[in-house]
Amino acid sequence: MTRAAAVFCMPEDGHFQRLRPLLDGLVRRGLAVHVFTHARYAGAVRRAGASFEDLFAGREMEAGADASLPVPCRYVTFAGEHGEGVVRDVARLAPALVVNDAFSVVGRLAAASLGVPLAQLVAGHALDPAATRAALVDDPRTRVSPRCREAASLLRERHGIPDASPFSYVPDPSPWLNLYGEPAEYLTEAERTALEPVAFFGSLPPAAELGARRRGEGLGTFGDGGPGLRVYASLGTVVWRYWRSVALAALGAVAEAVSTIPGARAVLSLGGAAVSAAEAAALARPGVTVEGYVDQWSILHEADVFVTHHGLSSTHEAIWHRVPMLSYPMFWDQPALAARCRELGLALPLVGSPREPLAPGRVGEALGALAGRAETTRARLEEARAWELRTVERREAVLDRVASLG
């Protein structure tokens, strides 16, 4: 009988992208892989050879003006309200193991309820779970709905999760296996020990895709404007939920700075955010293109500099493409990852603290500083890219380890 694996991912695009190499690898190992996630990922799930299971069909997720914030608190609500039904659906598959994106509280509930091993995909760079949960209590974004509080109570009292809270989407490490989305060099020894048992999987796409596009062959939007400096700026997708005006102002500073540099061009990505035509037009400058969404993997083939918030996938995609970074971190693990990249010589800071107002002059100074240390930065990027390559090459052994859990 074919062994089954149940895989869980909430509707977070970056998290799903980091799961794709796992789906591919487990399918190649002959497991019947069932992916419980949102319908927008159905096509990618099926292309990987896995079975799509609509986690949200007939199951409401908390939404509306009074819904909990940060948004992942709603995943706790979902687990408390729908956990029993989800567990029944998973039980019918008789999985040998659960592979879980960390935000999927309901996936951890399923693994615990069925008594099967849990391989957990770690969310973020070097997060201390207890400290992160404590900080969320006083985070100015935080608004916990009565539904979420009741769901956490149900998880504690009915489902045997004694420490369940509205912030349980930041989990403690799995006692079975934790899959970390960076090369080992990005953790200190203490950080690594706290994650044991840990395997380093990285956050890049499946290996077969890494060489699929070359410079000038992708969907980049710099055009054919000559050899001038090419700056790509993106602050990701999640930041637009909470700090829209901050993101617009920071991108505006980048646009203004690039427009003053002869021959320079910039592409500003809005990360799919619902930005009005007037707001987008306000960012436009000579040599500056504003896009609602870009193929980031492709445009990084074209970029000379990446202005980034330091999301996990964005950071390591830039390193793979050998693109130096200017750091504008917003929240979560981003300040710590920006600091680590600065220590490694891969990035320079634009601001001293998250979401600090950014002036065009500061962007220009940072671009000049990067140009002045280009040779050193190239060498550090080559070294860091080698770590990425080694991590990808070792994925097959990690996949064997995951498959052997069940």
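Buried means under 20% relative accessible area, exposed over 50% and partly exposed in between, using a 1.4 Å probe and protein chains only. This is a predicted model, in which local features need pLDDT of at least 70 and side-chain atom pairs count only at pLDDT 80 or more, while totals for chains, interfaces and linings use all residues. Residues are numbered from 1 along each chain as its sequence is written, and side-chain values use heavy atoms, with hydrogens and water left out.

**View 1. Cys148, a cysteine without a disulfide partner.** Count a disulfide as a pair of cysteine sulfur atoms within 2.5 Å, and you get zero of them here. For Cys148, the nearest cysteine sulfur belongs to Cys73 and sits 5.2 Å away. Cys148 has 0% relative accessibility, so it counts as buried.

**View 2. Helix H3 meets helix H6.** Helices here are DSSP runs of H or I with at least four residues, strands are runs of E with at least two, and both are numbered from the N terminus. H3 covers residues 73-91 and H6 covers residues 146-157; their axes lie 8 Å apart and the packing angle is about 55°. Axes are lines fitted to C-alpha atoms, for helices over the stretch in contact, and angles run from 0 to 180 degrees between N-to-C directions. Under 35 degrees counts as roughly parallel, over 145 as roughly antiparallel, 65 to 115 as roughly perpendicular and the rest as oblique, so H3 is oblique to H6. Contact means heavy atoms within 4.5 Å; H3 brings Cys73, Val76, Thr77, Ala79, Gly80 and Glu81, and H6 brings Arg147, Cys148, Ala151, Ala152, Leu154 and Leu155.

**View 3. Helix H9 meets helix H14.** Here residues 244-259 (H9) and residues 360-372 (H14) have axes that come within 8 Å and cross at roughly 60°. That angle makes this pair oblique too. On the H9 side, the contact uses Ala253, Val254, Glu256 and Ala257, and on the H14 side Pro360, Val363 and Gly364.

**View 4. Helix H13 and its buried residues.** Look along residues 334-343 and you'll find Gln334, Leu337, Ala338, Ala339 and Cys341 buried. For Cys341, the relative accessibility is 0%, which is why it counts as buried. What do the buried residues of H13 pack against? Their neighbours are helix H8 (239-242), helix H12 (312-320), strand S12 (325-327) and strand S13 (347-349). Just after H13 comes Gly345, with a positive phi of about 80°.
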